[in-house]
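Please examine the sequence and the three-dimensional structure shown here.

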Amino acid sequence: MKYQAINTIKLIVGAMLAILIASALGLDYALSSGVIAMLSILQTKRESIVSGFKRFMAAILAVFLAGVLFYLVGFEIWVLAFFLLLFIPMTIFLDLERVMIPSVVLVTHIYADGMLTVGAMLNEVYLMAIGVLIALLMNLYMPNYEKEIKLFQKKTETLMIRLLRTMAEHILDEQKQDERLAMLKELKETINGGRDLSYQYMNNSLLKDNSYYASYFTMRKAQYIRLKEMQKYFGHKTAAVDEAYVVKAFLLRVSDEFHESNTGQQLLSELADIREKYKSHPLPETREAFEHRAILYQFLNDIGHFIEIKSDFAESLS
């Protein structure tokens with residue numbers, strides 16, 4: 001809510017400044033400069049700079065193309081249509097289609113005046129330049145999202161620990177299925193919220209590398225997907241009780257060691273030992289026990305993949 005209020009103030013102040021400056025310079029259609037400023041104030045500094053540059057390039061292209069057509073043919077409605085027929089494909093080719101509308105509006109100003117002069121063409125370019133520059137000025141200030149991102153980070157880790165503990169406690173039965181699904185849903189929403197905010201934080205930095213949080217939430221999203229897939233192992237009592245207790249103990253160990261700075265290497269080493277002991281156990285005497293043991297072994301493998309995701313992330317940072 002706080003950030004929405006800040007953005008609203010920036011939109012209002014930016015629009016008013018652009019209009020006042022355009023009016024003070026005696027430009028026609030000064031209100032258009034305010035609209036351009038509002039359209040150019042985006043969520044991040046990087047987006048605003050890229051969008052502003054594209055808007056300015058599109059404006060120059062539009063005014064030049066329209067000027068040539070109006071000069072050669074005249075101010076006819078079909079000429080305006082022909083301009084659009086040429087201009088729109090050109091913007092698509094140049095990756096300017098998302099910012100072309102304000103430039104079309106500028107051309108309609110020239111068409112409405114019904115006369116082509118250097119002053120009229122420069123008037124439209126100045127309107128665009130003022131709107132874009134004021135937007136960039138407004139976006140020099142951007143809120144620091146790091147505090148909120150860390151809250152998302154803490155909540156993500158808390159939810160994952162709870163989920164791991166619930167999975168460990170109920171690996172022998174089908175209880176808490178609804179609770180786990182509810183936690184998975186909340187976990188997904190938390191990770192997505194943190195990732196969205198971390199990308200804004202990253203794109204607000206032009207000189208410093210602030211990509212850590214975006215990478216962190218991408219890593220947690222991959223772990224979330226693995227946890228979601230692991231729910232298929234629940235829903236029945238297992239006959240492989242001894243092995244289930246081993247898996248339960250290790251899963252609780254993972255939850256105890258679950259924190260941002262843990263590389264996961266020690267856990268992977270312990271998992272390798274468990275797998276070796278697992279293989280040395282006598283074969284189950286019944287088919288049901290054998291199938292359940294195979295399920296638990298696959299469950300262990302998935303836990304390993306879960307840990308490896310974090311381990312790979314930690315290695316990429318180093």
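The model is a predicted one. Its protein chain has a mean pLDDT of 85, with 89% of the residues at 70 or more. Confidence is lowest in helix α11 (residues 265–280), where the mean is 77, and highest in helix α4 (residues 77–93), where it is 94.

In secondary structure, the protein chain contains 12 helices and 0 strands, and its order along the sequence reads α-α-α-α-α-α-α-α-α-α-α-α. Of the 318 residues, 45% count as buried. Among contacts in the chain with a separation of 6 or more, 78% are accounted for by residues 24 or more positions apart.

Helix α3 (residues 45–72) comprises 28 residues and reaches 41 Å from its first C-alpha to its last, which is close to the 40 Å expected at 1.5 Å a residue. Just after α3, G74 adopts a positive phi of about 120 degrees. Helix α6 (residues 118–138) has 21 residues, which should span 30 Å at 1.5 Å a residue; the end C-alpha atoms of α6 are 30 Å apart, so the two values agree. The buried residues of α6 are A120, N123, E124, V125, L127, M128, I130, G131, V132, I134, A135 and M138.

The packing of helices comes next. Two packed helices are described by the angle between their axes and the distance between the axes. For α3 and helix α5 (residues 100–113), the axes come within 8 Å and cross at roughly 30 degrees. The crossing in which α3 passes α5 is right-handed. On the α3 side the contact is made by R55, A58, A59, A62, V63, A66 and F70, and on the α5 side by P102, S103, L106, V107, I110 and Y111.

Helix α8 (residues 177–203) and helix α9 (residues 212–229) form another pair, with axes that come within 8 Å and cross at roughly 160 degrees. Because angles over 145 degrees count as roughly antiparallel, α8 is roughly antiparallel to α9. Here α8 passes α9 in a left-handed crossing. The residues of α8 that meet α9 are L184, L187, K188, I191, N192, G194, R195, S198, Y199, Y201 and M202, and their counterparts in α9 are Y213, A214, F217, T218, R220, K221, Y224, L227 and K228.

Two alanines complete the reading. A37 lies in helix α2 (residues 30–40). Is A37 buried or exposed? Its relative accessibility is 0%, and A37 therefore counts as buried. Leaving aside neighbours within four places in sequence, A37 is in contact with G14, A15, A18, G131, I134 and A135. A15 is 22 residues from A37 in sequence, and their C-alpha atoms are 5.6 Å apart in space.

A249 belongs to helix α10 (residues 241–256). With a relative accessibility of 45%, A249 counts as partly exposed, since that class lies between the 20% and 50% limits. The C-alpha atoms of A249 and A168 are separated by 7.4 Å, although these residues are 81 residues apart along the chain.

How values were computed. Residues are numbered from 1 along each chain as its sequence is written. This is a predicted model: local features need pLDDT of at least 70, side-chain atom pairs count only at pLDDT 80 or more; totals for chains, interfaces and linings use all residues. Side-chain values use heavy atoms; hydrogens and water are left out. pLDDT is the predictor's confidence in each residue, from 0 to 100. Helices (H or I, at least four residues) and strands (E, at least two) are DSSP runs, numbered from the N terminus. The expected span of a helix is 1.5 Å times one less than its number of residues. Buried means under 20% relative accessible area, exposed over 50%, partly exposed in between (1.4 Å probe, protein chains only). Axes are lines fitted to C-alpha atoms, for helices over the stretch in contact, and angles run from 0 to 180 degrees between N-to-C directions. Angles under 35 degrees count as roughly parallel, over 145 as roughly antiparallel, 65 to 115 as roughly perpendicular and the rest as oblique. A crossing is left-handed if the near helix is turned anticlockwise from the far one by less than a right angle, and right-handed if clockwise. Contact means heavy atoms within 4.5 Å.
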